[in-house]
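Colleague: Before I plan anything around this model, could you show me how to read its strands and its chain contact?

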Number of protein chains: 2
Amino acid sequence: MAEKTLYQCCAEPQKVDFTLRETLPSLGWQILNIAGKDAHGKGFGVDALNADNHTWVLSRIAFEFYRRPRQYEEYTVATWISDYGRLLSTRNFTLTDAAGEVFGAAVSQWAMIDLEKRTAVDLSWVGREHHDAMVEEPSPVERPRKVRNVTPTATTTHKIVYSDIDFNRHVNTMRYFDMMIDMLPLEVLEGDFKYRLDIHFLKESRFGQTLEVGCELRDGVALFEITTDEGVVAVRAAIEWSK
Amino acid sequence: MAEKTLYQCCAEPQKVDFTLRETLPSLGWQILNIAGKDAHGKGFGVDALNADNHTWVLSRIAFEFYRRPRQYEEYTVATWISDYGRLLSTRNFTLTDAAGEVFGAAVSQWAMIDLEKRTAVDLSWVGREHHDAMVEEPSPVERPRKVRNVTPTATTTHKIVYSDIDFNRHVNTMRYFDMMIDMLPLEVLEGDFKYRLDIHFLKESRFGQTLEVGCELRDGVALFEITTDEGVVAVRAAIEWSK
């Protein structure tokens, strides 16, 4: 059994908005970047998997942020894998400030895909082979919730361009994040709120397609459904905020 | 007189495109993030300036990249300030790989703005007060060139949203970068090219405005002009590529 791995981060000016606090998409980006870095360091990064024509695909993620770091504030991200199911592995994160206070957490669930067959790979062998990399501590917050029945009250369209796509030629997780955040009322991003985000990646979307981003705004929560121009639901998500 | 400051970077999976090399916007982001980090470390970051109601504004930047780092490749960014003029200070960068080869460089020129009066501040006092932070080594590549007379052959529009704006409530430098890169033919980004980018920031653009991005595509070079819906030119730029 392993220990959690720690990464030092800093909310540099490039990462903050006009409230001088790190943006939600930047925090999300940081967390996913650490996932990639940590997997690589432990020998099961996308580069190692690519050799077998496999890759990791993010299936679901939940984030909770109780506050956002101030400009130049330093914080520590701890990450650990708590389990491998047959189809999903669970990677957890906590964000801790200099005073030792946990101000954020995330739980991500990853599938392994065979790039040739485009099907999910049974993860049991990873669990056996990389058992040493697991940490026996449960997820710090509730695992990603399902989001259903979104009835958009507003929609925007987005043509997928080069800067949207990732190493798999699919829209980058964080760009979906941007598209959703950009539909929230500015007050939700300006205020001192606690946030919880649940995102499900149902189907990839690709360069050249046009996405429709639907948002159903309710009291303290926004539901999202992102659909390709072929009518396929790519992402469903919920963003909640509260004082 | 000071020494150049060195920062370690890594082309994690979140930063690469489908060629598995770090994207040009990611390299640019990395360079600008280091500018903010380094200024802060030396006592003249935006946080120190904000106390006097001043801030740094990027006026011009030139990048040269002879190759792009491969996924997970580690590299070193060196940065130093070579001079303070009355209105512009010059911060330089080189990017060096593990073999000691310089594969990229940048020269940035920054103005200091009085946030209340919205005018440029005379930088002479910074030059005097922070003389110790300067390094007597010239810029590694030609300083940002002027770009004039752009006659767009293609245009797109872009409504400015929350995720586009920075701590000054203006469109983030790197989002302009994305908008331009996204208008290039994909072959220019897929191939093994050397790149030079010259970007001039003429006027800020703000949340809620709509930008028109004009691109004039020639042989081996694309010229750009980004205009606000008030008809003001916000950015002019040139991207060159060659084998």
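Modeller: Let us start inside chain A, bearing in mind that this is a predicted model: Ala154(A) stands opposite Cys215(A) in β9(A), and the two strands concerned, β7 (residues 154-159) and β9 (residues 210-218) of chain A, pair in the antiparallel sense over six bridges.

Colleague: In which sense does β9(A) pair with β10(A), and over how many bridges?

Modeller: β9(A) and β10, which covers residues 221-228 of chain A, pair in the antiparallel sense over eight bridges, with Leu211(A) standing opposite Thr228(A) in β10(A). The two strands form a hairpin with two residues between them, and Gly220(A) in the turn has a positive phi of about 80 degrees.

Colleague: How should I read the size of the interface between chain B and chain A?

Modeller: The size of an interface is often given as the accessible area lost when the parts come together. Here chain B and chain A bury about 3500 Å² between them, with 59% of it on carbon and sulfur atoms. Of the area that chain B buries against chain A, Gln14(B), Tyr72(B) and Tyr162(B) supply 24%, more than any other three residues.

Colleague: How many salt bridges does the rule find across the interface, and which side chains meet in one of them?

Modeller: The rule finds six salt bridges between chain B and chain A, one of which joins the side chains of Lys37(A) and Glu12(B) at 3.2 Å, N to O.

Colleague: Which helix of chain B gives the most to the side that touches chain A?

Modeller: That is α1(B), with six residues. By class, the side of chain B that touches chain A has 17 nonpolar, 10 polar and 12 charged residues.

Technical notes. Residues numbered from 1 in each chain as written. Chains lettered and ligands numbered in written order. Predicted model: local features only at pLDDT ≥ 70, side-chain atom pairs only at ≥ 80, totals over all residues. Heavy atoms only, no water. Buried area = accessible area lost by both parts, 1.4 Å probe. Salt bridge = Lys/Arg side-chain N within 4 Å of Asp/Glu carboxyl O. Helix = DSSP H or I, 4+ residues; strand = E, 2+ residues; numbered from the N terminus. Nonpolar A, V, L, I, M, F, W, Y, C, P; charged D, E, K, R; others polar. Pairing = 2+ DSSP bridges.
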